[in-house]
Amino acid sequence: MRETTPLVRIKLPEATQVQKLEKKSLVSYIYIGEPVNRNMYGSKSRIQLNDAYATVKQIPEFVARERQARPEADRNLLTFALKVDQNTKMGIVTDVKQQLRKSNALKINYSTRKVLKK
Amino acid sequence: MARRAAPEINAGSMADIAFLLLIFFLVTTTMDTDIGITRILPPPVKNKNENVDVKDRNVLKILINSHDLMLVNGKPGSVATLPQRVEDFMALHPNNPKYPEIKEKYFPQLGKKVMMTKGIVSLKNDRGTSYEMYIKVQNALAKAFDEMKDQASMKYFGVPYKDLVNQKKIDLINELVPIRVSEAEPENVGGQ
């Protein structure tokens with residue numbers, strides 16, 4: 001039931017105060033992590049949108065396309081789930097967040113693994 | 001030609017086949033359970049130089065450097081003690097200049113004025129901060145605000161926040177306990 005083939009290695013960070021993402025059809029995913037194929041793409045963190053690597057600059061276009069794909073009434077309810085590897089540096093994550101802000105995609109979700117309260 | 005009875009299919013292995021199929025689907029199905037911390041980003045600013053002046057006492061500054069070390073208002077802090085710090089900071093302390101100012105806000109749903117803190121948590125991280133640390137801090141902040149929501153919910157409705165069903169009540173609590181976290185643009189000190 002996977003929608004995309006992962007091109008980046010992602011181990012989600014842990015969190016306890018989590019919410020469930022309710023409507024899956026209103027969620028778009030942005031993956032950030034080290035490329036799976038390191039020999040070919042190096043170990044620098046990359047962004048994956050759908051089935052391909054992308055640069056930060058491609059995000060507004062991605063947001064627009066994702067909005068287009070939804071019915072008009074739901075477009076403002078779109079959530080962008082950031083699936084980011086825990087070892088990623090914040091620099092790239094912030095860049096992505098800034099682009100999302102610019103494109104007015106303000107509802108985001110930091111995907112995490114749930115752990116029981118310690 | 002004499003009618004012969006159709007040979008019966010050997011169904012002895014049917015159970016095994018079904019079992020194998022079951023195992024196969026069990027293994028190949030990935031149930032993506034999407035959970036995480038939901039946040040609303042601030043809307044884009046049109047005027048870049050538009051800086052909102054906030055009084056020093058109203059801000060709890062959290063800094064994280066590229067080595068994932070934390071400073072809370074200039075002193076070293078830790079993720080473990082952060083929720084308490086934030087709760088203490090956001091609690092109402094009338095006439096105490098060390099704590100944030102307090103303002104009154106009228107809630108038509110309650111039909112009365114409620115004291116609200118003007119406190120705000122400012123989170124600033126380095127470009128070299130790890131995402132793991134960032135989420136830990138976000139989680140700690142979420143914990144503090146969740147607890148405050150619980151307290152407000154217990155006070156007004158007598159049930160914990162997560163047990164509220166009525167959307168109006170949930171909205172009211174969200175209004176009473178706004179998640180006042182501001183994220184500054186990160187600095188590039190540690191180098192990336």
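Predicted model: local features only at pLDDT ≥ 70, side-chain atom pairs only at ≥ 80, totals over all residues.
**Exercise 1.** Work out how the secondary structure of chain B is made up, and in what pattern its elements follow one another along the sequence.

*Solution.* Begin with the count, which for chain B comes to four helices and eight strands. Next, read along the sequence, where these elements follow the pattern α-β-β-β-β-α-β-β-β-α-α-β. Then turn to the residues themselves: chain B has 192 of them, and 32% count as buried. Finally, consider the contacts between residues at least 6 apart in the sequence of chain B, of which 64% join residues at least 24 apart.

**Exercise 2.** Determine the strand order of the five-stranded open sheet in chain B, and explain why S4(B) and S8(B) are each left with one side without a neighbour.

*Solution.* The order of the strands in chain B is S4-S3-S2-S7-S8, and their pairing is mixed. Strand S4 (75-77) and strand S8 (181-183) of chain B stand at the edges with a single partner strand each, and therefore one side of each has no neighbour in the sheet. From one strand to the next, the twist averages 30°.

**Exercise 3.** Describe two hairpins, that of S5(B) and S6(B) and that of S5(A) and S6(A), and find the residue with a positive phi given for each.

*Solution.* In chain B, strand S5 (residues 102-107) and strand S6 (residues 112-117) run antiparallel and are joined by six bridges, and Glu104(B) stands opposite Met115(B). Four residues lie between these strands, and Gly111(B) takes a positive phi near 75°. In chain A, three bridges join S5(A) to strand S6 (residues 52-54), again in the antiparallel sense, and Leu49(A) has Ala52(A) as its bridge partner. Here two residues lie between the strands, and Asn50(A) takes a positive phi near 50°.

**Exercise 4.** Characterise the interface of chain B and chain A by its contacts, its buried area and its salt bridges.

*Solution.* Start with the contacts, in which 35 residues of chain B meet 43 residues of chain A. The two chains bury about 3500 Å² between them, with 55% of it on carbon and sulfur atoms. Asp34(B), Ile35(B) and Tyr131(B) supply 24% of the area that chain B buries against chain A, more than any other three residues. Two salt bridges are found across the interface, including one between the side chains of Arg127(B) and Asp95(A), at 2.7 Å from N to O.

**Exercise 5.** Decide whether Ser111(A) is buried or exposed, and list the residues of chain B that it touches.

*Solution.* Ser111(A) is found in strand S8 (residues 107-111) of chain A. Its relative accessible area is 1%, and because the cut-off for buried is under 20%, Ser111(A) counts as buried. Ser111(A) touches Ile35(B), Gly36(B) and Tyr131(B) in chain B, and its contacts in chain A include Leu12(A), Pro13(A) and Lys83(A).

Technical notes. Residues numbered from 1 in each chain as written. Chains lettered and ligands numbered in written order. Heavy atoms only, no water. Buried < 20%, exposed > 50% of the residue type's maximum accessible area, 1.4 Å probe, protein only. Contact = heavy atoms within 4.5 Å. Pairing = 2+ DSSP bridges. Axes fitted to C-alpha atoms, helices over the stretch in contact; angles between N-to-C directions. Buried area = accessible area lost by both parts, 1.4 Å probe. Salt bridge = Lys/Arg side-chain N within 4 Å of Asp/Glu carboxyl O. Lists of a residue's contacts leave out its neighbours within four places in sequence.
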